[in-house]
Amino acid sequence: MGNDTRIEWTNSTWNPVTGCTKVSEGCRNCYAERLAFRLREMGVKNYQNGFKVTLHPDALEKPLHWKKSQMVFVNSMSDLFHEQVPSDYIQKVFDIMRRAPQHIFQILTKRSERLLRMDSEIDWPENVWMGVTVENEKVLSRIDDLRKIHSSVRFLSMEPLIGPVHEPDLTNIDWIIVGGESGPHARVMRREWVIDIRDHCLENNVPFFFKQWGGTNKKKTGRLLEEKTWDQMPRTA
């Protein structure tokens, strides 16, 4: 079994890479960075380097030993397409996912330009869902890059949503996740931003998943939107 997670849209996490660097405003209060330093202080081996990009070849084959089918968030503590991750190592990660068809693997990146450059080199397995983070309208180019790749499922993680994203082009987009920022310095997510995206998804028949309102106490703020839980998933799920 993979590392259980409280992330609402997946079952477990798998981190053959840890560590990252900031590339846009969505990274400012990175949860993974905070957690990495906490794990280092606890003496967890894979976080001896804190949040520096680090490869973990010994973790590559873990999914091959998980018998129960599950949704697996790949590199919840990093970005697989970070410039410091060698292309041949990315290919090794894809090889493992190809050899574990019992699972669905969900990958998120903010580095969509590299993703698009590598697209033609990747033999995309049907069980890999590829997504990009879109925190505001300044990074809409990530959606344009994503729609061009050959993943069977393409999705957007609009978390942390820190600004309005009005009627983005959802051509070739199969799923949208929206969530507010959480933690000690969480920025506000406005209700109208969420409703605008939800309604746009409904109009375009794109499954919509509302993860959380966030804030400094995300348990208190919850995840109800207009008194309803939105847990829609891609039709292939």
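Which backbone oxygen does the side chain of R187 reach at 3.0 Å? The legends below begin with that residue. This is a predicted model, in which local features need pLDDT of at least 70 and side-chain atom pairs count only at pLDDT 80 or more, while totals for chains, interfaces and linings use all residues. Residues are numbered from 1 along each chain as its sequence is written, and side-chain values use heavy atoms, with hydrogens and water left out.

**View 1. Surroundings of R187.** The backbone oxygen is that of E25, 3.0 Å from the side chain of R187; a polar contact is a pair of N or O atoms within 3.5 Å, where within protein one must be able to donate a hydrogen and the other to accept it, and residues adjacent in sequence count only if both atoms are side-chain atoms. R187 sits in the loop between β9 (175–179) and α5 (191–203); helices (H or I, at least four residues) and strands (E, at least two) are DSSP runs numbered from the N terminus. With a relative accessible area of 17%, R187 is buried (under 20%; exposed is over 50%, partly exposed in between; 1.4 Å probe, protein chains only). Beyond four places in sequence, R187 is in contact (heavy atoms within 4.5 Å) with E25, G26, R28, N29, I162 and E181.

**View 2. The largest nonpolar core.** This core has 51 residues, and F81, F94, L156, I176 and V178 have the most contacts inside it. A nonpolar core is a set of buried Ala, Val, Leu, Ile, Met, Phe, Trp, Tyr and Cys residues joined through side-chain atoms within 4.5 Å. Helix α2 (residues 87–98) gives the most to this core, six residues. Another core, of twelve residues, lies apart from it and includes I104, W129, W175 and I177.

**View 3. Contacts of L156.** Leaving out residues up to four places away in sequence, L156 touches V132, V134, I143, L146, L170, I173, W175, I176 and I177.

View 4. In α1 (residues 31–41), the buried residues are A32, A36 and L39. Seen down the helix axis, they fall within an arc of 65 degrees, so they line one face of α1; the arc is that of the directions from the helix axis to the C-beta atoms.

**View 5. The protein as a whole.** The secondary structure comes to six helices and ten strands. Of the 237 residues, 55% count as buried. The C-alpha trace spans about 45 × 40 × 35 Å along its principal axes.
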